[in-house]
Every structure is written in C-alpha cells, then in structure tokens.
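Notebook open. I wanted the overall fold first, then the charged pairs.

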Amino acid sequence: VRNMLAGVTGIDCVLLVVAADDGPMPQTLEHLAILDILGVARGMVALTKIDRVDAARVASVRAEVELLTRKTSLADAPIFPVSSINGDGIDNLRQQVADMATETQENKGSGHFRLAVDRAFTIDGAGLVVTGTAFDGTVNREDRVWVGTHSVQARVRRIHANNENSATGRAGERLALNLTGLDKKDIMRGDWIVTGSGLPLYRKMDVRLKVVPNAKRPLRHWTSVHIHLGAQNTTGRVAILGADRAAPGSSVLAQLVLDTPIGACVRDKFVVRDQSAQITIGGGHVVDLHPPRRGRASPERLDFLAALDTPDSKVALKSALDRAPNGFSVADFAVARNLTEAEMATTMAAASA
C-alpha cells in the first residue's frame, strides 16, 4: 500500500488485480477505498489465475468484485477473467488497456515543472538519477532545476520519458532525470524537482477531505494521522473546520497541521491514514496553502474556502476577490496554484473582466 500511495496521485486510470483462487484480500479493499476517495473513475479489473479454479469459482469471485466496486468510483469498470499460463482473456485485456490509453487526454503541461521523487540513485558514468511522476509543466534537457527549496541548482543532462530517451518530459509521464550539480545525499524520496523560483514548504494546508464510507467511527477533530502527498509521507493532525467530527462517507473542509513542512500546490491529492499507518481514513485535495493565523473555521473563512475549491483558477480568483474586501496576495495565489507569469496574467485579466 505504501508504494501504491507514492504513485496513485499521478495516474489517469487503474488496473485492479484480483486472484480467482484467493478472491479479494484486505489490501484489495484498501486499494479500492483509496481509489474511491481520490476519484479515480477510469479503470478495469483483471481476475487472474482462472486456470487454477473451476468456472463456478470464477463466477463467484466475479460477483464478489462487482459487489465491492458497485458503490465506488470503479462501479462501471469491466472485469476480465485471465490466465497468464494459457493466455485466456489476455488479448481482450490488452486491447482494453490500449483503448483506454488512446482515450486518455494528453496533459497540456501547464504551470512550472514539478516531479515527485520516489527514487534517487547513481549510475557509473552518468551520476545522479532521480525518478518519479511529473505533476505539472515541461522540462527539457539542459534546463536548470531545484530540489524543492534547495539553494543549489542542478542541470538536466538526460531525460527518460516512459523508459525512452527524450529531449523533454511533461506532466503525466514517468520520468528519469539524469542531474548534475547535486549529490545523492542532497535528495530523498518525497522531495520535489521543480523549475521556476522553487517550491515553498508548508506546515498547514486547508483541504477538502472525504472520509472513507466504511470507517468504523467518525473522524474526530485533531486526530493524529499519516499524510501521503506526492511521494511524501509525513505525520500530523487533522482539524475539522466548523465541526468536532466528520462522519464516514462525508466530505468536509479541514486543515492538515503537519509535523514536518512539505511542498504542495492547490488541487494536489492526498491520502490520510491512521496513526499506526495501517488503516486508510480518507483523502482529498488541497484547497488553500495560506490559512490565516486566527479564525480558520469562521463562517467567512469557510465561505472563502468554498469559493476557492474549484480547478478553474480564473473562477477561483474572481470568487476570492469578491469575498476579500481587504484584499489578499495574488502572488501567493499564483505560487499556490503553480501558475507561470503568463498564466497568472491571463487569470488576472479574466477576473477583472
């Protein structure tokens, strides 16, 4: 689950695998819950090892999977019984994967480049290599990049995009960047590789949080949790805004108060697990990264957050300006939403129209 959490926030569609002999396992249920709270709705189910069981067992497990997915984001996902031993069903599954890849829209690569690092290692003759999923923007060979807020720049010597040599890497791709100017000790799993002016670190972030429907009890205000965002895993607490608890299956505004500051941008997805990091509690997306020192749950603040809670930066800025008679920092707004100067200028023009 930990490895799945390091990559799930950067995917477009999912292949859920269930073995016909074992049936759905506890980790299957947790993976499904994580996909549901993050809203991953495009995918398919591979029902594997059908060569090990009879037809009645295949039908039974298939019915169980359909029941488990019925009330989740994968409710309409097709199920493919397959065997890697004799090849049954493999061609149909392969075609479904190809069709879904064709239907997936190419990410436009807007914003400053951001890559969530999940591995860093050295190769003889090449030096430092970092791998991860690109969340935003585009990077080119010879570009200068930073490790989060690290003061030393690095140069991109080579790029592998989806396991092939490339002159560029863009949002949505799995990338391996060969960097010069940094040592392996300068970077670790969970760091961000960024362009622009770097990525600020935040200890508090206001979020939209959905509690898993099958939670045994409500999520209480100020619960200690593990937070997974990008490839980062840190600890902290959840402050429920405007209430003392959140019921199972509910969607609420909350504030994550982190023990260690991390890099993030508005609309980044996250997952929250319990204090022992054994049970998924909920997840959602970032709404704002500049909460006030006081009045974080006031009616005015909650209305302001509701106005900001949209993927459309133009709508968010106009709504925020309408609700901020004393003004607010448009520079902070641009950084939080990872907008380039040109993108922010367009957003400002639309908000002023």
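Is Glu-66 buried, partly exposed or exposed? I looked it up: Glu-66 is partly exposed, at 37% relative accessibility. My cut-offs were under 20% relative accessible area for buried, over 50% for exposed, and partly exposed in between (1.4 Å probe, protein chains only).

I noted that this is a predicted model, where local features need pLDDT of at least 70, side-chain atom pairs count only at pLDDT 80 or more, and totals for chains, interfaces and linings use all residues. Residues are numbered from 1 along each chain as its sequence is written, and side-chain values use heavy atoms, with hydrogens and water left out.

I checked the partner of Glu-66 next. Glu-66 forms a salt bridge with Arg-62, at 3.6 Å from N to O. I took a salt bridge as a side-chain nitrogen of Lys or Arg within 4 Å of a carboxyl oxygen of Asp or Glu. Both residues sit in helix α3, four residues apart, about one turn of the helix. Arg-62 is partly exposed too, at 30%.

Then I searched the whole structure and found 18 salt bridges. One of them joins Arg-52 to Asp-21, with the closest N and O atoms 3.5 Å apart. Arg-52 is exposed at 58%, while Asp-21 is partly exposed at 26%.

Last, I looked at Asp-268 and Arg-114, which meet at 2.8 Å, N to O. Asp-268 is in the loop between β18 and β19 and Arg-114 is in strand β4, so the pair ties together parts 154 residues apart in sequence. Both are buried. I also found Asp-136 linked with Arg-114 and Asp-268 in a network of salt bridges.

For the whole chain, I logged that buried residues make up 47% of the 353 residues.

Methods: Helix = DSSP H or I, 4+ residues; strand = E, 2+ residues; numbered from the N terminus.
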